[in-house]
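Thank you for making time for this short talk.

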Amino acid sequence: MLSIITKAATNFCEHQIREPYTFKTTIPKMRMLIASIEIVENEKPHTVYVALSKELLQDVCGIFLFEDDSNDETLQDMLLETTNMIVGSAKVLAQESNDAKVFNIKTPLFLETKKFNLLCDGMNRISLKNGSILIAIKE
């Protein structure tokens, strides 16, 4: 499941924000805006966390909203939209590949802004020039 969501996140980097990326193995020590979204696979719920650094999220606001200095509410809304785009894209990828891991998604929720320290079963960090995207799952 995590690999499909990570693929959707890299597609977001390539096709939506058009930024090169690398993978890192460590959790960033910076504060990040964190959202969660519940996905349901074969009636079993999982929680997916999507966290972005404030600087990167501001870049995303600049791309989609043409805002160079977004307020906290706008950053949170953009995080929720980004979460929806990534996890929604992962759902389509799973369906197109006839993967047994087809799932339904719920509405994303903003959790908080802090250093990421939530318990999870798997995690991938995508590093871009102006920050990071952290994708994690609790199964």
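I will go through the helix contacts, then the cysteines, and then a few residues in the loops and strands.

Before anything else, please keep in mind that this is a predicted model, and that the values I quote are computed from it.

Let us begin with the helices. Helix H1 covers residues 2-16 and helix H3 covers residues 72-96, and these two pack with their axes 8 Å apart, at an angle of about 120 degrees. Because angles of 65 to 115 degrees count as roughly perpendicular and those over 145 as roughly antiparallel, H1 is described as oblique to H3. The crossing of H1 and H3 is right-handed.

Which residues in H1 meet which residues in H3? On the H1 side you can find Ile 4, Ile 5, Lys 7, Ala 8, Ala 9, Asn 11 and Phe 12, and on the H3 side Thr 82, Met 85, Ile 86, Ser 89, Ala 90, Leu 93 and Ala 94. Sorted by class, the contact of H1 with H3 has 10 nonpolar residues, 3 polar ones and 1 charged one.

The second pair is helix H2, residues 54-65, with H3, and here the axes are 10 Å apart and the angle is about 80 degrees. That angle makes H2 roughly perpendicular to H3. From H2 the contact uses Lys 54, Leu 57, Gln 58, Val 60, Cys 61, Phe 64 and Leu 65, while from H3 it uses Asp 72, Thr 74, Leu 75, Met 78, Leu 79, Thr 82 and Met 85. Divided by class, the residues of the contact of H2 with H3 are 9 nonpolar, 3 polar and 2 charged.

Now please look for Thr 82, which sits in helix H3, and which was named both among the residues that meet H1 and among those in the contact with H2. Is Thr 82 buried or exposed? Its relative accessibility is 0%, so Thr 82 counts as buried. Apart from neighbours within four places in sequence, Thr 82 is in contact with Phe 12, Leu 52, Leu 57 and Val 60.

We can turn to the cysteines next. How many disulfides does a search of the whole structure find? The search finds 0 disulfides. For Cys 61, the closest cysteine sulfur is that of Cys 13, and because the two sulfurs are 15 Å apart, they are too far from each other for a bond. Cys 120 is likewise in no disulfide, and its nearest cysteine sulfur, which also belongs to Cys 13, is 18 Å away. With a relative accessibility of 22%, Cys 120 counts as partly exposed, whereas Cys 61, at 0%, counts as buried.

When residues within four places in sequence are left aside, Cys 61 is in contact with Phe 66, Glu 67, Ser 70, Thr 74, Leu 75 and Met 78. Of these, Leu 75 is 14 residues away along the chain, and the C-alpha atoms of Cys 61 and Leu 75 are separated by 7.2 Å.

Phe 66, one of those contacts of Cys 61, is found in the loop between H2 and H3. In general, most residues other than glycine have a negative phi. Phe 66, however, has a positive phi, near 60 degrees, and with a relative accessible area of 71% it is exposed. Asn 42 also has a positive phi, near 50 degrees, and you will find Asn 42 in the loop between strand S2 (31-41) and strand S3 (44-53). At 65% relative accessibility, Asn 42 counts as exposed.

Arg 31 is found in strand S2 and is exposed, with a relative accessible area of 57%. Arg 31 and Thr 113 are 82 residues apart along the chain, and their C-alpha atoms are separated by 6.2 Å. Beyond residues up to four places away in sequence, Arg 31 touches Ser 53, Lys 54, Thr 113, Lys 114 and Lys 115. Arg 18, in the loop between H1 and strand S1 (22-24), counts as exposed at 65% relative accessibility. Arg 18 and Phe 110 are 92 residues apart in sequence, and from C-alpha to C-alpha they are 25 Å apart in space.

Definitions and conventions:
Residues are numbered from 1 along each chain as its sequence is written. This is a predicted model: local features need pLDDT of at least 70, side-chain atom pairs count only at pLDDT 80 or more; totals for chains, interfaces and linings use all residues. Side-chain values use heavy atoms; hydrogens and water are left out. Axes are lines fitted to C-alpha atoms, for helices over the stretch in contact, and angles run from 0 to 180 degrees between N-to-C directions. Helices (H or I, at least four residues) and strands (E, at least two) are DSSP runs, numbered from the N terminus. Angles under 35 degrees count as roughly parallel, over 145 as roughly antiparallel, 65 to 115 as roughly perpendicular and the rest as oblique. A crossing is left-handed if the near helix is turned anticlockwise from the far one by less than a right angle, and right-handed if clockwise. Contact means heavy atoms within 4.5 Å. Ala, Val, Leu, Ile, Met, Phe, Trp, Tyr, Cys and Pro count as nonpolar, Asp, Glu, Lys and Arg as charged, and the others, Gly among them, as polar. Buried means under 20% relative accessible area, exposed over 50%, partly exposed in between (1.4 Å probe, protein chains only). A disulfide is a pair of cysteine sulfur atoms within 2.5 Å.
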